[in-house]
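Have the sequence and the model in view while reading.

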Amino acid sequence: MSTRKKRKVIAGNWKMNMTPSEAKELISGIYSRIKGKKGCDVVVCVPFVDIPVAAAATKGTIIKLGAQNVHFEQKGAYTGEISASMLKECGVQYVIVGHSERREYFGETDETVNKRAKAALEAGLNVIICVGEKLEEREAGITGEVVSRQTKLALQDIPVTMMQNVIIAYEPVWAIGTGKTASNEDADEVCGIIRAVVSGKYGKSVARGLVIQYGGSMNAKNCEGLLAMNNIDGGLIGGASLKPDDFAVIVNAAQ
C-alpha cells in the first residue's frame with residue numbers, strides 16, 4: 001500500500017476550556033502567529049459547543065478543526081453523546097479518541113476506543129488515537145507491554161485502507177497536566193514501539209507513513225528536542241494550546 005507523504009501534525013486539545021466567544025478570539029490569536037506556515041498540519045480540538053464558531057474562524061486558514069470525542073453509534077438513545085456524522089456535517093475533520101482523561105474519568109476501555117475510532121473512520125474523519133501507561137505501570141517496567149496492547153486493540157478490525165486517516169498519540173498518563181514529561185529518548189523509544197506494532201500488523205510502508213504524536217505535556221520549552229526525534233511526528237498539545245505564543249513556538253518547531 002502506498003502512503004501519503006508524512007507531515008508533522010500539531011494538534012491542540014483544549015479540553016473543557018474556552019466559551020464560543022473565547023474560542024473565536026483564541027483561534028484568531030493562533031492564526032495571526034502562524035499565518036504563512038505550511039510545513040506541518042495544525043489542528044484545534046475544541047469543546048462541542050465551540051465547533052460552529054471554530055468552523056467559521058478556521059475557514060480559509062491553515063488550521064483544521066477537531067473534536068475531543070465521538071460516539072460509536074450513528075444515532076439513538078445516547079443522551080449527551082455526539083455521532084461522527086454530526087461532527088462531519090459541522091465541518092470537523094479530526095477527532096480524538098481514547099484520551100487518558102476519558103479512560104480515567106469516564107470509563108473508556110480499549111474496546112470502546114476501538115469502536116469510536118472505527119465509527120469516526122467510517123464517516124471519513126481523521127482519528128487521533130491516544131495510548132499511554134500510568135505511573136505505576138512505568139515503574140513496574142511494563143510500559144512497552146501496556147502501549148503495545150492498547151495500540152493493537154485500538155486498531156482491531158481497522159483495514160489498512162483506513163490507516164492513512166489514523167494518527168496515534170503517545171500520552172504517558174503520568175505526564176498529563178503535571179508538567180512532567182518523558183525524556184526525548186524515552187518518548188522516542190515508546191513511539192518506536194508503537195510503530196513496530198503497526199509494522200507487524202500492516203507492514204513497514206504503513207508504519208513509516210504513520211504519524212505518531214507525543215502528548216505528554218509538550219510545551220514551548222521542550223518541543224524542539226522532542227520533535228527532533230526519529231519516531232515523533234508531532235504533538236497533541238494540552239495547556240500550551242491555550243496560549244497563542246506558546247502554541248506558535250511548537251508549530252514553528254515542527255516546520
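**Labels and their cut-offs**

Q: Why is glutamate 111 counted as exposed?
A: Glutamate 111 has 56% relative accessibility, so this residue counts as exposed; the term means over 50% relative accessible area, with buried under 20% and partly exposed in between (1.4 Å probe, protein chains only). Glutamate 111 is found in helix α5, a helix being a DSSP run of H or I with at least four residues, numbered from the N terminus.

The model is predicted: local features need pLDDT of at least 70, side-chain atom pairs count only at pLDDT 80 or more, and totals for chains, interfaces and linings use all residues. Residues are numbered from 1 along each chain as its sequence is written, and side-chain values use heavy atoms, leaving out hydrogens and water.

Q: What makes α1 roughly parallel to α2?
A: Helix α1 (residues 20-34) and helix α2 (residues 51-58) pack at an angle of about 20°, their axes 9 Å apart. That angle makes α1 roughly parallel to α2, because angles under 35 degrees count as roughly parallel.

Q: Which residues make the contact of α1 and α2?
A: Pro20, Lys24 and Ile27 of α1 and Val53, Ala54, Ala57 and Thr58 of α2 make the contact, which means heavy atoms within 4.5 Å.

Q: How many residues does helix α7 have, and what does α7 reach from its first C-alpha to its last?
A: Helix α7 (residues 143-154) has 12 residues and reaches 16 Å, close to the 16 Å expected; the expected span is 1.5 Å times one less than the number of residues.

Note on methods:
Axes fitted to C-alpha atoms, helices over the stretch in contact; angles between N-to-C directions. Helix = DSSP H or I, 4+ residues; strand = E, 2+ residues; numbered from the N terminus. Parallel < 35°, antiparallel > 145°, perpendicular 65-115°, else oblique.
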